[in-house]
Amino acid sequence: MLEIGLTGGIGSGKTRVADMFAAHGAALIDTDLLAHEITAPGGLAIAPLVAAFGPRCLRVDGAMDRDAMRALVFSDPTAKARLEAITHPLIRQLTETRAAAIRAGGQHPYLIYVVPLLVESGTWRTRVGRVLVVDCLEATQVARVMARNGFTREQVQAIMDRQATRAARLAVADDVIDNDGPPEALAPQVERLDALYRLLSQTPDSAA
Ligand code: ADP
């Protein structure tokens, strides 16, 4: 089965594009959703987080307090590494468990991992057969995230400054979806790649 890593900067349209592939029958694993799942009340990361950071890292409902952790990571340079040492292996393990179930189920023509930081994280590129980048102008990203999240231009820019550049992402892309146009412009691009991925998935050499 062909396994594809879908990435793109914040606000580029990853979620929208991934949902369109799912409508074509693709299996999806969204690593951001897994990160939320393990830090939700009763999630796999909760007990190790409390052991490492104390009860201050939790909200009253038992979920990880994202605002508190963001502030801690900002003020304490070692906290980010300690947090990631807990969450990253759990996300990786859960990703593998889900992928194994999808492969065994045989219900989907191919599998797409949605990985916001695929280019930044290094190991991902070797784990997938193909990299698909959702691309748009930085000005488009800024406008979309300001509208979606109610962030200021400076807040969006600060997030983008911590992500790979557009050029770095395009440099590792096997396939690119241009999402600077209206939503209607996505459908034919998704359709064309869906046909390609179905074809490649049946060609053993091309599958990861
Ligand atoms: P990402 O998952 O990459 O952060 P999203 O798929 O959430 O990006 O898209 C960011 C925002 O922009 C969302 O509110 C989405 O509905 C909107 N959006 C995405 N693509 C388009 C488009 N082509 N035209 C207009 N709005 C779009």
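**Aromatic contacts and strand pairing**

Phe21 is buried, and so is Tyr110; buried means under 20% relative accessible area, exposed over 50%, and partly exposed in between (1.4 Å probe, protein chains only). The model is predicted, with local features needing pLDDT of at least 70 and side-chain atom pairs counting only at pLDDT 80 or more, while totals for chains, interfaces and linings use all residues. Residues are numbered from 1 along each chain as its sequence is written, and side-chain values use heavy atoms, with hydrogens and water left out.

A search of the whole structure gave 4 aromatic pairs. Rings of Phe, Tyr and Trp (its six-membered ring) pair if their centres lie within 6.5 Å; planes under 30 degrees apart count as stacked, over 60 as edge-to-face and the rest as tilted. One of the pairs is formed by Phe21 and Tyr110, with 6.4 Å centre to centre and 80 degrees between the planes, and is edge-to-face. This pair links distant parts of the chain, 89 residues apart: Phe21 lies in helix α1 (residues 14–23) and Tyr110 in strand β3 (residues 110–114). Helices (H or I, at least four residues) and strands (E, at least two) are DSSP runs, numbered from the N terminus.

The ring centres of Tyr110 and Tyr197 are 5.4 Å apart and the planes are at 70 degrees, so this pair is edge-to-face. Distant parts of the chain are again linked, with Tyr110 in strand β3 and Tyr197 in helix α11 (residues 186–201), 87 residues apart. Tyr110 and Tyr197 are both buried. Through ring pairs, Phe21, Tyr110 and Tyr197 are linked into a cluster.

Strand β4 (residues 130–135) pairs with β5 in the parallel sense over 4 bridges; two strands pair if DSSP finds at least two bridges between them. In β5, Val176 is the bridge partner of Val133, and Asp178 is that of Asp135. Strand β1 (residues 2–7) is also joined to β4 by 4 bridges, and these two strands run parallel. Here Ile4 stands opposite Arg130 in β4.

Of the 6 residues of β4, 6 are buried. Both faces of this strand are covered, with Arg130, Leu132 and Val134 buried on one side and Val131, Val133 and Asp135 buried on the other.
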